[in-house]
Amino acid sequence: MRRAVAGLFFFGVASASVPAVLADPVVCDLKAYKAQPGLTAAPDGDSLAVTWAGDDDQQLRLTVAVRDDAPVIDALALRHAGKDWVTLARNLGPDYAVMTGLRRISAQQLEPLYGLGIKITQDVLDSYRWDSFWDAPFDLSVPKPGERFSSSGPPPNGLSGTDQPGLPRKPEEIQRAEANYAVKSCQVKTDGARLEIDFPGVHLGLFDGTLQYTIFRGTNLIRQQIMASTQAAWVAYKYDAGLKGLAIEPASHVRWRDIANTWQDYAFGGQVDSGKASLAAANRVVIAEQTNGSIAIFPPPHKFFWAREVATNMGYNWYRKDSDTSYSVGIRQNEHEDLNEGQGNWALYSARPGTQQLMPVFLYPSLTSSKETAERVLAFTHGDHYKKLPGYQVMQHHYHMYLGQRLLEEHNLDAKLPDLQAIKALGINIVSQIDSVILTGFSVAGTPITQAQRDAGALPPQPDNRPPPMVAMAASVEGARLSSDKDFLVMADQEVFGGPLGGHTDL
């Protein structure tokens, strides 16, 4: 049921119960496609088959179609040069979910504006609201007096004369949705050594847009992403993405390495899942292992994360046993910060009205085992290790490490803190850690210092039962010296606020 017309061909979407003559064809536009060695696309019955050269001597073939208005992967196959095609998976669908909330400006952003005498009007709010760090649009709790970080979050009473509401947040601000499709066309485009297949007609909660598959010549890598926008105001969001419809075969496993780098697996011997089983997987990689090979699923290594105060693994992968015969697997973001931390900072992505939001997930199919596939995936990020560049050092900045205070608690300024060991193992060799000994000539932790106190060297007490500022600073400086080596430098930096410039400064 295919007709080729001037660079177009048609996906058939007829079901067994509907005569083919009554089916509405889906037009696929090939005018922007150019065949090249190692990357070709061609009609294959009611589908589009893309064949390309992958890693080493591997070749891959991805066959996509539209069924019931939704894009599907009819088949994913691989072979070694000169060998027969081996089908790795069939009848896969994209699995997308989104959760949205309302962006608010934070008290931390407002403080320097107030200090400059700026009145917060709607125009001023509109200029700075998207830059919020201390925001947690999914947090419905009521901040308690003195609760950690609560003073940095959005003002509890809102902002008079603007559209920013107060706290607590209302449940109706939060929406959850899964993707649904009304695909009526597709476009195939060659872009250098890559090929893009677009399926417009995606609706994902407040977002509308396109599902895209991108093929990269010379590697097994496939990018699946939704590109969408919203016209709603002040939308902050997170997304989950993956594949559904993977067949449960005798050899099927979900495999991942835990945060101790120990391999774990699930073999689908349990009950059907009511939701996603989150995985705190090392390197953000989960692998679906099938009879003939495996498919690794992982997020973009840098663009998937927003700024946080801590770097604990919040379970960025998932699997779900959907039935006794099929399962799903993918990437996810948590709905809140680690429960041992303050909940006022879980900022999410910002979706300015009309801007295109990208929601990618990467797929890496291979005929190899899970462990070998994982190593191939980690090659994209040098094993999650900073690669040395001749003539340069690798430096990180602004980790709140409490170096001086923690060394004092150890009663050993030469103690080896695990933070520093982990950072060094990543290939970083200059550590600009930050102590929370907040000391200036003006305040300590926000408490003003009088001239008499400055003259006498008598300072207000530090919060949280911290040691006296000068004692902690001295421990930080000496501890930094002792932790440094000829190729590893630890800096005894201090975060200063409450000074005449406003804001925060690192020294």
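Biologist: Why is Gln333 called buried?

Modeller: Its relative accessible area is 1%, and buried means under 20%, so Gln333 qualifies. Bear in mind that this is a predicted model. Gln333 is found in the loop between β21 (326–331) and β22 (349–351).

Biologist: Which residues does Gln333 touch, leaving out those up to four places away in sequence?

Modeller: They are Lys238, Tyr239, Asp240, Phe304, Phe305, Trp306, Tyr316 and Tyr349.

Biologist: What makes the approach of the Gln333 side chain to the backbone oxygen of Phe304 a polar contact?

Modeller: A polar atom of that side chain lies 2.4 Å from the backbone oxygen of Phe304. The cut-off for a polar contact is 3.5 Å, so the distance falls within it.

Biologist: Which residues do ring pairs link into a cluster?

Modeller: Phe207, Tyr237, Tyr239, Phe304, Phe305, Trp306, Tyr316, Trp346 and Tyr349 are linked in this way.

Biologist: Where do Tyr364 and Phe380 lie, and is each of them buried or exposed, or in between?

Modeller: Tyr364 is in strand β23 (residues 357–366), while Phe380 is in the loop between α3 (370–378) and β24 (395–400), so their pairing ties together parts 16 residues apart in sequence. Tyr364 has a relative accessible area of 0%, and is therefore buried. Phe380, at 41%, is partly exposed, because that value is between the limits of 20% and 50%.

Biologist: Helix α3 has come up. Which of its residues are buried, and what covers them?

Modeller: The buried residues of α3 are Ser370, Thr373, Ala374, Arg376, Val377 and Leu378. Their cover includes strand β23, along with β5 (58–67), β15 (253–257), β16 (263–266), β18 (286–290) and β19 (293–298).

Biologist: How do you know that Cys28 and Cys186 are joined by a disulfide?

Modeller: Their sulfur atoms are 2.0 Å apart, and the limit is 2.5 Å, so the pair counts as a disulfide. The structure holds one disulfide. With -125° about the S-S bond, this link of Cys28 and Cys186 is left-handed.

Biologist: What does the link of Cys28 and Cys186 tie together?

Modeller: Cys28 belongs to strand β2 (residues 26–32) and Cys186 to strand β10 (residues 185–191), so the parts tied together are 158 residues apart in sequence. Cys28 is buried, at 0% relative accessible area, and Cys186 is buried at 0% too.

Biologist: What makes you say that the charged end of Arg129 sits over the ring of Trp234?

Modeller: The charged end of Arg129 is 4.1 Å from the ring centre of Trp234. The distance limit is 6 Å, and the charge must also be within 35 degrees of the ring normal. Lys276 lies over the face of Trp318 as well, at 4.8 Å from the ring centre.

Biologist: Why is Asp69 called partly exposed?

Modeller: Its relative accessible area is 25%, which is between 20% and 50%, so Asp69 is partly exposed. Asp69 lies in the loop between β5 and β6 (70–80). Its phi is near 70°, a positive value in a residue other than glycine.

Biologist: And what is the peptide bond between Leu167 and Pro168?

Modeller: That bond is cis, with omega at about 0°. Pro168 lies in the loop between α2 (122–128) and β8 (175–178).

Notes: Residues numbered from 1 in each chain as written. Predicted model: local features only at pLDDT ≥ 70, side-chain atom pairs only at ≥ 80, totals over all residues. Heavy atoms only, no water. Helix = DSSP H or I, 4+ residues; strand = E, 2+ residues; numbered from the N terminus. Buried < 20%, exposed > 50% of the residue type's maximum accessible area, 1.4 Å probe, protein only. Phe/Tyr/Trp six-rings, centres within 6.5 Å; stacked < 30°, edge-to-face > 60°. Contact = heavy atoms within 4.5 Å. Polar contact = N/O pair within 3.5 Å; in protein donor to acceptor, adjacent residues only side chain to side chain.
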